[in-house]
Amino acid sequence: MFHFISKRLKHSLVLLFLASLVCFTLVVSAPGNVAVLIAELRGAVATPGYVDQVAEEIGLHKPLLMRYVDWLGDAVQGDFGISYRTGQAVNADLSKRILVTGMLIAGGGVIATLISLILGFLGAFWPYRLPDRASRGLALIGASTPTFFVGALMIYAFSVSFRIFPSFGFEGPESWVLPWLTVAVLPAAVLSRVVRVGLEDAMSSPFVLTAKSKGLGRTAILLREALPNITPIFINALGTQVGLMTATAIIVEPLFAWQGLGDYFLAGVRFRDFMVVQACLLLFLSFFIVVNLVVDLAVMLTDPRIRRQWS
Amino acid sequence: MRNEPLLSVSNLTVNLLTAKSAVRPVDGVSYSVRQGECLAIVGESGSGKTVMNFAPLGLMPTGVTTMLSGSVKLEGRELIGLPEAEIQKLRGKSVGFIFQDPMSALNPVRRIGRQIAEMAELHLNMTPKAAEARALELVKLVGISDPAARLRQYPHELSGGLRQRVVIAIALAGEPKLLIADEPTTALDVTVQAQILRLLKDVQKRLNMAMVLITHDMGVVAGAADNIVVMYAARAAERGPVDTVLVNPRHPYTRGLINAIPRREDPVGAEFRGLPGLPPALAAPFKGCAFTPRCDMAVPACSLARPPLEQVDGNVFVACPVVNHGKVAA
């Protein structure tokens with residue numbers, strides 16, 4: 001078990017390094033010049049001379065490799081540099097914003113899990129009947145509606161028409177509901193199908209015939225026999241969805257005026273703010289890696305057949 | 001001394017309807033089993049022997065509409081027409097089931113102990129703790145070594161033979177009066193087959209249960225059963241005490257089956273004697289005897305009318321007019 005985790009972490013380091021290289025290349029090769037933007041931000045006319053001066057100031061004149069090595073040297077020590085845009089330490093910005101995005105993903109993940117289990121279970125209990133068709137329809141709609149549109153609908157329905165929840169802000173539980181629901185729609189739709197199909201699959205396994213022969217009822221068979229069998233599959237799918245929620249956060253946070261990582265990342269991209277983009281990407285990637293590791297451990301806990309291979 | 005049979009099936013017909021097709025895997029079959037008796041039901045794959053025993057107890061796959069007619073009485077209680085909720089109460093409690101493939105019959109992610117103890121909780125109203133103790137007893141009863149450790153294990157950690165013993169323990173856990181074993185040794189290693197069969201026979205005698213043993217292995221029949229029903233294409237071809245039927249088979253199909261068993265005096269390298277031809281599909285109803293195309297004694301009349309199951313001597317019933325009355329009379 002310990003061996004497994006340390007091996008996975010070692011692989012993760014290599015992955016992080018390669019990813020930082022890729023995203024450095026992408027950012028420096030993107031069109032636009034951050035020095036021009038900074039000059040404009042300072043209210044000056046971006047004359048070539050002034051732009052050069054700014055570039056000199058922030059170290060853009062150095063060779064690419066040097067810039068990368070400088071950045072990497074600091075990053076390894078946990079220092080992600082100074083944001084070109086805000087002039088503040090990226091670390092300080094990140095630590096404020098991680099909490100916001102963490103809240104968004106955690107809440108969304110919990111809601112998606114609950115909704116998908118309920119929908120999937122209803123569908124599996126009455127296969128091909130009304131609850132099943134309804135949950136399938138909902139899943140189809142949920143999976144194919146773009147998140148920004150879902151968010152707009154949520155605001156229109158719950159803030160404008162019914163005035164139940166505020167449309168923006170990060171003040172209290174009430175203001176968390178709409179962003180949570182918005183990020184949860186897509187994963188809930190995908191996961192409800194995983195639950196429904198997994199349960200149906202499990203229900204046609206031979207051990208269900210044994211369970212039936214024991215005199216167990218349908219509900220007991222679904223909960224006691226089928227559900228434990230789909231737990232590993234569900235956890236796997238949930239892990240992927242939670243990882244993907246970082247991408248959804250980029251869309252949802254600006255929509256509800258949440259000052260989270262997604263919002264920060266987007267602003268960084270617009271400003272060619274290499275420091276911010278790089279830090280955010282590495283953070284997202286680390287999150288993905290950690291989620292995957294947790295998923296693998298959780299699957300080991302829920303599936304004795306896999307547990308055996310690693311213990 | 002022996003009065004009412006525990007299970008009494010008469011003129012049972014099963015029709016299965018799926019979205020696309022209709023088949024009749026069981027067509028007017030009758031038999032009965034008394035307490036302490038073992039009845040073997042023998043036939044080729046697809047002859048209806050499993051459906052015949054599972055359908056009246058509601059053990060059919062979902063998506064199939066099962067239509068039953070005739071009568072199936074368990075302890076004097078008619079099962080046909082009984083609502084599923086009532087039949088569910090009988091499963092596990094009055095009837096224990098053993099399945100063909102122990103590799104897939106157990107839930108892979110639940111501990112053996114739970115899978116057995118659950119039965120005692122459900123049917124004997126035991127507390128989880130008492131049920132665990134009962135599970136331990138059962139595991140010992142079915143001859144599993146190191147029983148306490150086994151209860152904490154998962155199915156994939158056990159061999160096929162051990163798993164089948166666990167399945168038997170589950171079947172016994174509700175203290176049923178009838179055991180239905182669907183090819184309990186087919187999926188096992190040859191060396192393990194004899195052990196499992198001996199175990200089944202042993203617990204059946206010890207607990208004085210009735211047992212229906214579904215098999216296509218004549219060797220199994222000879223060792224274990226008191227009575228036998230030979231099934232061919234959804235119908236009973238011959239029925240009677242095992243000693244009589246195996247020694248003196250009358251129906252041409254029974255004879256063919258017994259003749260197909262390899263014998264010790266067969267020369268090395270001799271070809272297997274099989275039955276020529278294939279069993280018919282069950283979708284189309286046949287007017288006459290279904291065995292006619294493969295029968296070496298068939299006369300033209302065989303394909304005209306369905307042969308009745310007639311008592312010949314003792315308790316032997318044979319569905320073949322040619323055998324019962326001679327070629328001319330048929």
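Before anything else I noted what counts as an element: helices are DSSP runs of H or I with at least four residues, strands are runs of E with at least two, and both are numbered from the N terminus. This is a predicted model, where local features need pLDDT of at least 70 and side-chain atom pairs count only at pLDDT 80 or more, while totals for chains, interfaces and linings use all residues. Residues are numbered from 1 along each chain as its sequence is written, and chains are lettered from A and ligands numbered from 1 in the order in which they are written.

**Entry 1: a helix in chain A.** I looked at what comes after α4(A) and found Gly78(A), with a positive phi near 90°. Then I checked the length of α4(A), residues 64-76: its 13 residues should span 18 Å at 1.5 Å a residue, and the end C-alpha atoms are 18 Å apart, so the two agree. (The expected span is 1.5 Å times one less than the number of residues.)

**Entry 2: where the chains meet.** I call two residues in contact if their C-beta atoms, placed from the backbone, lie within 7 Å. On that basis, 16 residues of chain A touch 23 residues of chain B. On the chain A side, α9 (206-213), α10 (218-255) and α13 (304-310) each give two or more residues. The largest share, 6 residues, is from α9(A).

**Entry 3: a sheet in chain B.** Strands pair if DSSP finds at least two bridges between them. I traced an open, mixed sheet of 8 strands, in the order β6-β7-β8-β3-β9-β10-β12-β11. Which strands are at the edges? They are β6 (95-98) and β11 (310-311) of chain B, each pairing on one side only. Further in, β9(B) (227-232) and β10(B) (235-241) run antiparallel, joined by 6 bridges. Asn227(B) has Pro241(B) as its bridge partner in β10(B).

**Entry 4: two helices in chain B.** I followed α5(B) (128-141) to α7(B): their axes come within 9 Å and cross at roughly 125°. (Axes are lines fitted to C-alpha atoms, for helices over the stretch in contact, and angles run from 0 to 180 degrees between N-to-C directions.) That makes α5(B) oblique to α7(B), as angles under 35 degrees count as roughly parallel, over 145 as roughly antiparallel, 65 to 115 as roughly perpendicular and the rest as oblique. Who meets whom? Arg134(B), Leu138(B), Val139(B) and Leu141(B) in α5(B) meet Ala169(B), Leu172(B) and Ala173(B) in α7(B).
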